Amino acid sequence: MPSQNSDVRALLIVLILLWIFFSPDSSDPASLTPPEIAHAREARFQGALDVLNTTRWGDFAPDAPSSTSPRPPSETDGPAGEIGKGNGDKHEQGPQFLNITGFSQLDGKGYAWEDLGRFRNRCREWSRNAFPSAATVGPLDDDSWEPSMVSGTWKNATGTLHGTWVRRPGTVVRQAAEYNLSAIAPGATWPSSLGEWGRNITGDHGKIELRIDEDEGDGVYEEKVEGKTSRGANLAREIQAVATIQDDASEASSWSLLLHGVHWPRQGAILLTTSSEKFDGIFGLPHLAPGPNFFHTGQHLLNETLGKIIQARKKSKYGFPGNPWGSRMEDDDSFPAQCEYVMYLQLQPLELSRQYESPQLLESYIEELERELRHPTGAPIGRIPDLRASMVAWSPDCSFFLESKGPPEFPSVDGEHLVGMKEAMFTYTAKEWLIAFAAVMLGQIWLFKEQMKLSNTPSTTGRVSFWTIGAMLFADGMIFVTACAWSLNATITLLPCLLVTFAAFISMFIEGAFLSEVWKIQEPERRIREREREQAAAAAAAAAAANRNASSSSAASTTPPPTTQPEPPTTQPAPPPPPSQPRQPIIVPSDGDIDEAEQLNNLLSGASALPLPATARQPGLPAPTNEPRPPTPFSTITGRFVLAGLFLLFISAVATSWPSHIRSFYVNTLSFLYLSLWTPQIIRNAQHNVLLADPDPFAFLVLVAWVWIQLWVICAQSILGPRFGVPKGWVREAWDYHPVLRDDDLEGVSLPIGLARTGTGLSSSSSSSSPTEERVRGRAWSVVSLGGPAAAAETGEGSAAAAAAAAATDSAGGTRNREREKEKEREKQKGVTMRSVDCAICRELLEVPVFNNNKGSGGSSDSAASGITGVFARKAYMVTPCRHIFHTNCLEGWMKYRLQCPICREELPPL
């Protein structure tokens, strides 16, 4: 057996690996950044903030032509819609740049600022498509449409969005070799061979995921004019998002980038940008806004928030170890050349079932809805609308556009722009799924315990496949590790995660205990297989030795063998046999296997041993030189499972960086292997071949295919009908339980029994009437005469009352008879007569249409029988081959239990 020190060493290795994977990074960020780079970064940020404070709308116009145009608006200009009015000053204006990294004139020689106007126009188009009422206000390049926008969108955009995008090329083409990065960002050390830039999109379409995070705390700015809230984009809020973009045409995996920007809640507009050493996008963000109103509030907001961060970093001992607004997810000092992005999101109005009369009521409802989501009180809020947005992203250095697919440029089947849910709804949904998953695991534990009760003997436990239970244990172990890792970082979903962790642990513990029992009980099988392998190896070695001996003997056969004298026979008698001993019982152990030592003892003691298997070594023979290895303990198997799980976790972590199609193949392969956990059990069941039949794979596949063909035919019959696609001559005609009843002859031999006796219509004679008819006819007089004679006998006026009641009854009966006769005449003219009979199952009256052969004034009876009314009338009754008639529901219910006529017990054909 292996020593216990080996298990201790394996456990120590596992603990070291877990400590390496889950230990936090406690390195000092300031110690990794040289002081000169931190000081240069601080000076650059402060200078960019000063430029942002002193610039106005229009100071950044890289795409402006050199012509005479109105001067840029100033603080002394009129309202938002009247910028530049009332002042006829004109001056020579050309392209204008800012002293910000990426926005300066030197940088403009490489950046594709020619598409800045196109980007702003696309932003306005997305906003007007979201709010059609604002599309008719002012031209496209005017800013007067902002106040007319009735938002009706989420005020807090925190959530997750998913969608597809389409790539559109820019006006000019930009290559990585056209940029002088040393001149744009002289303080950074760029790689010597750049090649193609990272985050560059070359495909025509792909997917995108946006995780938006918006804090309503400090980063908020609201503009007020004369004590009243101004119109336009007067409220701005700081926002950030993580975009994960996947290019379907690229072999690389998806990549993520971090964007910072501004959200204007009343307009539902969001403007985001990336920042790096070669592009300070956050400081120039207001100049990329669609209009001056967005610029004004965005400038004030960023002046406050960026200034606070810069002052806090100056007071910190770490300084600026990195870019606080950087777009890279990794926090290091490397400077890879990557494409920059400017992204505009337009939130879509909420899809509400209720229409609100005024925008104020709508805004109030949305505020209450968001307050309930952030701080639940149990108020009935109904269905929560989805978070929807349209997107246009522009790369000013790589020169291309990414636009979300959706109306009006794409049909709804191709995409609905970006669709997702709020973070609160995502958390609530995650809780529900985790609780449901834990309930499923607990149900699995209960089912597994019930199955263990059926496998409580060594015989039944030995039939269980070790690998099937092992696959279940391995999957539950992976769930347990994943739930533990999630619980370390979970806050809101902590309790559901702990519930899943508990369920996975209990399931893993029970399955591990049962697996150890299966391993122990199946030990004789493994020992027999080990003997078979040893004997096969010994037989192969003996055959090889025999071949060598045969070759050597054939070579020596040419020399004659030496002559030898025979030995004289001995006269000594043979020793007598030992006295026989009484037979002893053979004790078979619980596992059903008799060890070789037991067989040898039984033979030596004179007992009749059980017949040895063909693979066993004959007792009494000398033991082989190499003794069989001791059985493998279950603790070693447990260690193998743990190491396999760690290896799978490592491969899964690496698979996150694989291309999408390879990653999908990996996930599908793991899913297929897990869902194939019953395959080992099927194989083990097939190994217990009771009939000693030879396997035939071809016949097996043919039988399986034939069974599936029959199942599909049965499913088709249940949907299309039992005789669909079957030629008429292949099967005999089935009995029609809904025939057309015709009065063919006077005897009525073709009519069901009961209808022929009633003649034409409801008979007026009491002899031919059924009890139900008598009850129907007697309702009027029974109600009139109820209690009449008894009361009259007591008062002495019984004779007069009885006479009056009889007269009333005769008068009413005569009226009914006349009405009935008129109805019969109308039915005869139509070619149909209504006859009645009692249903023998429910004892209720059944009225049946009987069609005549003669033609009346109303038309033929054939047309009436084949019409829609006739078809539905025939569905109300069923006629048996023995000419008995019943309600359809009554006879169908009867035939579910017995295919015999309820009256004459004649056999009935199935439906």
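His 417 is found in the loop that runs between strand 13 (400–404) and strand 14 (418–422). The structure is a predicted model.

**Setting of His 417**
- His 417 has a relative accessible area of 9%, and it therefore counts as buried, the cut-off being under 20%.
- A polar atom of the His 417 side chain lies 2.7 Å from the backbone oxygen of Pro 407.
- Apart from neighbours within four places in sequence, His 417 is in contact with Ser 404, Lys 405, Gly 406 and Pro 407, among others.
- Further contacts of His 417 include Trp 126, His 162, Gly 163, Thr 164, Ala 389 and Ser 390.

**Strand 10 and its partners**
- Strand 10 (residues 269–273) is largely enclosed by the rest of the structure, because five of its five residues are buried.
- Both faces of strand 10 are covered, with Ala 269, Leu 271 and Thr 273 buried on one side and Ile 270 and Leu 272 buried on the other.
- Strand 9 (residues 255–264) pairs with strand 10 in the antiparallel sense over five bridges, and Thr 273 is the bridge partner of His 260.
- Four residues separate strand 9 from strand 10 in a hairpin, and Gly 268 in the turn has a positive phi of about 70 degrees.
- Strand 10 also pairs with strand 11 (residues 342–347), again in the antiparallel sense over five bridges; here Ala 269 stands opposite Gln 346.

**Nonpolar cores**
- The largest nonpolar core has 83 residues, of which Phe 119, Leu 210, Phe 283, Met 343, Leu 345 and Leu 402 touch the most other members.
- Strand 12 (residues 387–395) gives the most to this core, contributing six residues.
- Not counting residues up to four places away in sequence, Leu 210 touches Met 343, Leu 345 and Leu 418, as well as Gly 159, Thr 160, Leu 161, Ala 241, Val 242 and Ala 243.
- A second, separate core consists of 15 residues, including Ile 469, Leu 473, Leu 515 and Ile 637.

**Annotated transmembrane spans**
- An unreviewed UniProt entry carries the annotation "transmembrane region" for residues 433–452, 464–488, 494–519, 637–658 and 698–720.
- Residues 433–452 are 100% helix and 0% strand, with their end C-alpha atoms 28 Å apart.
- Residues 494–519 are likewise 100% helix and 0% strand, and the end C-alpha atoms of this span lie 36 Å apart.

Conventions:
Residues are numbered from 1 along each chain as its sequence is written. This is a predicted model: local features need pLDDT of at least 70, side-chain atom pairs count only at pLDDT 80 or more; totals for chains, interfaces and linings use all residues. Side-chain values use heavy atoms; hydrogens and water are left out. Helices (H or I, at least four residues) and strands (E, at least two) are DSSP runs, numbered from the N terminus. Buried means under 20% relative accessible area, exposed over 50%, partly exposed in between (1.4 Å probe, protein chains only). A polar contact is a pair of N or O atoms within 3.5 Å; within protein, one must be able to donate a hydrogen and the other to accept it, and residues adjacent in sequence count only if both atoms are side-chain atoms. Contact means heavy atoms within 4.5 Å. Two strands pair if DSSP finds at least two bridges between them. A nonpolar core is a set of buried Ala, Val, Leu, Ile, Met, Phe, Trp, Tyr and Cys residues joined through side-chain atoms within 4.5 Å. UniProt positions are given in the numbering used here, feature names are shortened, and annotations may be inferred rather than shown by experiment.
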